[in-house]
Amino acid sequence: MSVDVLERPVAKKAQPAKIAVADCDIHPSPKSVEKEIYPFLEKRWQRHLETYGMIGRQGQQFGPAYPKGQPDASRRDAYPPNGGRPGSDLQFMREQHLDPNNVQLGILNPLRGGQALQNLDFAEAYCRAVNDWQIAEWTSKEPRLKASVVVPYEDGALSAREIERRAGDPNFAQVLLLSRTGEPIGQRRYWPIYEAAAEAGFPVAVHAFGYGGNAVTGSGWPTYYIEEMVGHAQCSQTGLTSMVMEGIFERFPKLKVILVEAGFAWLPSLAWRLDKLYMRMRDETPHLKRLPSEYIREHVWLTTQPMEEPEVREHLLDTIEWIGWDRLLFATDYPHWDFDDPAYALPVRVDAARRRQFFFENALKVYGLDK
Amino acid sequence: MSIIHPGAIDCDIHPAVPNLQALLPYMTDYWRDTVVQRGIDALESISYPVNAPITARPDWKPEKGRAGSDLERLRREALIPFGTSTAICNCLYGVHLLFSEDMALGYAQAVNDWIAKEWLDREPKLRASIVVPLQNPELAVEEIERLAADKRFVQVLVPVMGEMPLGKRIYWPIWAAAERHGLALCIHAGSSYRHSVTGIGWTSYYTEDYASNAQAFQAQVTSLICEGVFSKFPNLKVVLAESGFTWLPAHLWRLTKFWRGLRMEIPWVDRTPAEIARENIRLTLQPVDGPPSAGAFERLMEHMQSDELLLFSTDYPHWQFDGDEVLPPGLSSELARKIMVDNPRNTYSRLTETVT
C-alpha cells in the first residue's frame, strides 16, 4: 500500500511471481454503462437511471460518502492507455496484472452492481444486467476469470431468484454481498440468500463496502476516510457475529462464507470473545449446537488484502496459525490503490507447501475448482 | 492466584445505584420534583439487563436488589480476596441514555455526590470516576470543574457508544478539562443507543450487543488517534474499561498500515498509531477474551508490544471469571505485578497524590 506516485510515474509491469496465484478480489468496471450495461437493461430502467440516478442510502449522487484517497480509489498506473476507468479494459488487465503476476484464477467482484439501490425492482434489474455483462465482457473472453452473482441483497426473495438463475453456470464462482447491510447480515431477511447459495453450491462472499444507512460505528459517523476504511474490519466483525449467533451455519450446513477485504487478523480475538459469551449465555441462542469458533473454523474464509502489517513481522504467523493456513485466500484488490503485490504480500518466508495453499490451493478448494 | 500481588489496584468495579430513591436526597428540588411528578423510572440500561449472566456473577448476586449495591459485600467479595489496596468505582447508571441535557446534568450530579458520600466517605480504599453529561460538552466541563478539587475522583467516565465518535472536536473541551486536572478519560463498555450498536443495525441477541462493545472500542481508538486528540492533549491518558484487549494488536496493525497510506488526510498524526496507543491508551484486564492455551496467551502478550498497557480489574460484580481466577494463565509474575500495581499507578497521577 503506497501513495508514493512521484517516484513511479510510468506504468510498470509487475515482476513475474514464481508460483501460480489465485486473486480472489479483482474489481472490473464497465467502459461505459451505456455501452456495456444497457444492452442487458430494459429501456424502462435505462430511462429511470437517466432520470433519477442510482439512489442508495447515502447523500452523494455521484461519489462515495467519504472521498477516497485516490481518484476512483485506484492505482495511478491502472488507467488503461486506451481510456476508460481502471479495471475496464480486459487486455490491459491481462498485461498489467494477470500475466506478470501469474494469476491463474481471478474472481471478479463488481462493486457498483446496483446491489443496494433503494428501489428494489431497479436493483434486481441492474444486478441481473451486471451479471450478464460479466459473462459477455469478461468470463466468456478470459477463462482465468470467474464472475460473482451480484444480488439485490436487501430483498432475500429477489436475491434468491437471481442466484437460482445462475446456479450451475460455470461462469460464476460465488454470490457477492457488500458488508454494510441495512440490518445485521445474519438476520432472517437475508436467509433466502444463504439458502439459495448453499443449494447452488456458491460460497457467499461479503465484500467490505456499501451503504446500509446505519452510522458506520456504534457511536455515529466518523470524520475521515481513513476511519471509514479501517472501520470495515469492525463492520465485518459484527456481521460475522450476526451470522454466527443467528445460526445460519446451523441452518444451512453447506454454506461457505468468504469475507473480502476486511482484514483477517482480528478473527482469533473475535472467536475467543464469542466462545466465552456463548458459554455464558447459551440459553439465549439455543439454536446453536456448537461453539462459535467451531462454526467459524468450518464455514468461514477470509481474503488477505489489505494484509495486516505487524511491527514484528513474525507475529502475523501466530495469527495465521490461530486462523488456519487453509482459511486465507490471497487477493490483490486490483486495480485499487491499496493493491497487495503477490511478490511482497507475505511478510515472512514460509515453506513452499504453505505458499501454494495461501496463494492458490485454498481458493481452488473453496470454489470447488480443484476437482 | 499465587501471583497476586499485594497492593493491587482494581481499575474497574461497579457500585450500583440500588434504586432511584437512593439518589433523591442528592438531587436539587427541581429534579427531585420532576422525578416524582413525572413518575420517572430508574435509569437502567439495556447494556446490562438486570438478570443477565454478565451483569452479576451468581455468587455475587444478592437474593434481592442489585449486585454491587452493598458496600459490605463489595469489601468482602471484591476488595479482600484480591488484596486490593485501591479500587476505582465506575457507576454505570444510565445517565447517558437521557435526551434532555439538563436532566442528564441533574442526574450526573446526583450520582457523583451519591458515590462520594455513600462509598468514598465510607471506604478509604475507593476512588471514583466523574459521571458527565456527554450530551452537552459545556455541562460536562462544568461538572468536571465542580468536582476536580476532590482528588478521590481520578477520571472522567463516558460510554463507548454515544452520539458521535469521541475524537471529534466538539468533545475537546472535555478532554482539555480532564488533562488540566490530571484526570484520565475512562471509556467504558455500554451505549447510549443513539445508534445501533453495530454499523449494520440493531442486533437480535443480547450476546451480540455485548460482543459489539469490542468493535466500538476499536472504532474509538481509531477516532481518538485520527482526530489528533493525543497530538492536542499529549498528557491525556485514555483507559478502555471492560473493553477486552486481545483485539488491540490486530487493530493497530491495520490502523498503522492505513495511516501509512492515508496520512495526508490527517497530517497532525505525526507518529504511527501503534506508538501513540502505547503512549496514551490503557486497557483494563477483564474480560480476558483470550486464547484457550497459556502458550498462545504468551504469544498474544508479545503482540501487545508493551507490558505497560494493561490495568488490573475484576469488573465486579460482572461475571467475567469464576472463583479467584482473575489473572489469565500464561502471565508471568513480573507482568502480573506491573498490571496489578505499577501500570495503574503510572496511569492515574491522582492515585499517588495525597488525598485530603
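## Inside the chains and between them

Visitor: Leaving aside neighbours within four places in sequence, which residues is Asn109(A) in contact with?

Guide: Contact means heavy atoms within 4.5 Å. With neighbours within four places in sequence left aside, Asn109(A) is in contact with Cys24(A), Asp25(A), Ile26(A), His27(A), Pro28(A), Ser148(A), Gln174(A), Leu176(A), His207(A) and Val260(A).

Visitor: What kind of model is this?

Guide: Residues are numbered from 1 along each chain as its sequence is written, chains are lettered from A and ligands numbered from 1 in the order in which they are written, and side-chain values use heavy atoms, with hydrogens and water left out. Local features need pLDDT of at least 70, side-chain atom pairs count only at pLDDT 80 or more, and totals for chains, interfaces and linings use all residues; the model is predicted.

Visitor: Is Asn109(A) buried or exposed?

Guide: Asn109(A) sits in the loop between strand E2 (103-108) and helix H4 (120-139) of chain A; helices (H or I, at least four residues) and strands (E, at least two) are DSSP runs, numbered from the N terminus. Buried means under 20% relative accessible area, exposed over 50%, and partly exposed in between (1.4 Å probe, protein chains only). The relative accessible area of Asn109(A) is 0%, so Asn109(A) is buried.

Visitor: Which helix of chain A holds Arg94(A), the salt-bridge partner of Glu142(A)?

Guide: A salt bridge is a side-chain nitrogen of Lys or Arg within 4 Å of a carboxyl oxygen of Asp or Glu. Glu142(A) and Arg94(A) meet at 2.6 Å, N to O, and both residues are buried. Glu142(A) is in the loop between H4 and strand E3 (145-150), 48 residues away from Arg94(A), which is in helix H3 (residues 90-98).

Visitor: What area is buried between chain A and chain B?

Guide: The size of an interface is often given as the accessible area lost when the parts come together. Buried area is what two parts lose in accessible area (1.4 Å probe) on being put together, summed over both. The contact takes 69 residues from chain A and 74 residues from chain B. Carbon and sulfur atoms give 60% of the buried area, which is about 6,000 Å².

Visitor: How many salt bridges are there between chain A and chain B?

Guide: Asp340(A) forms a salt bridge with Lys257(B), with the closest N and O atoms 3.5 Å apart. For Asp318(A) and Arg299(B), the closest N and O atoms are 2.8 Å apart; this pair runs from helix H12 of chain A to helix H12 (residues 294-303) of chain B. The count between the two chains is 5.
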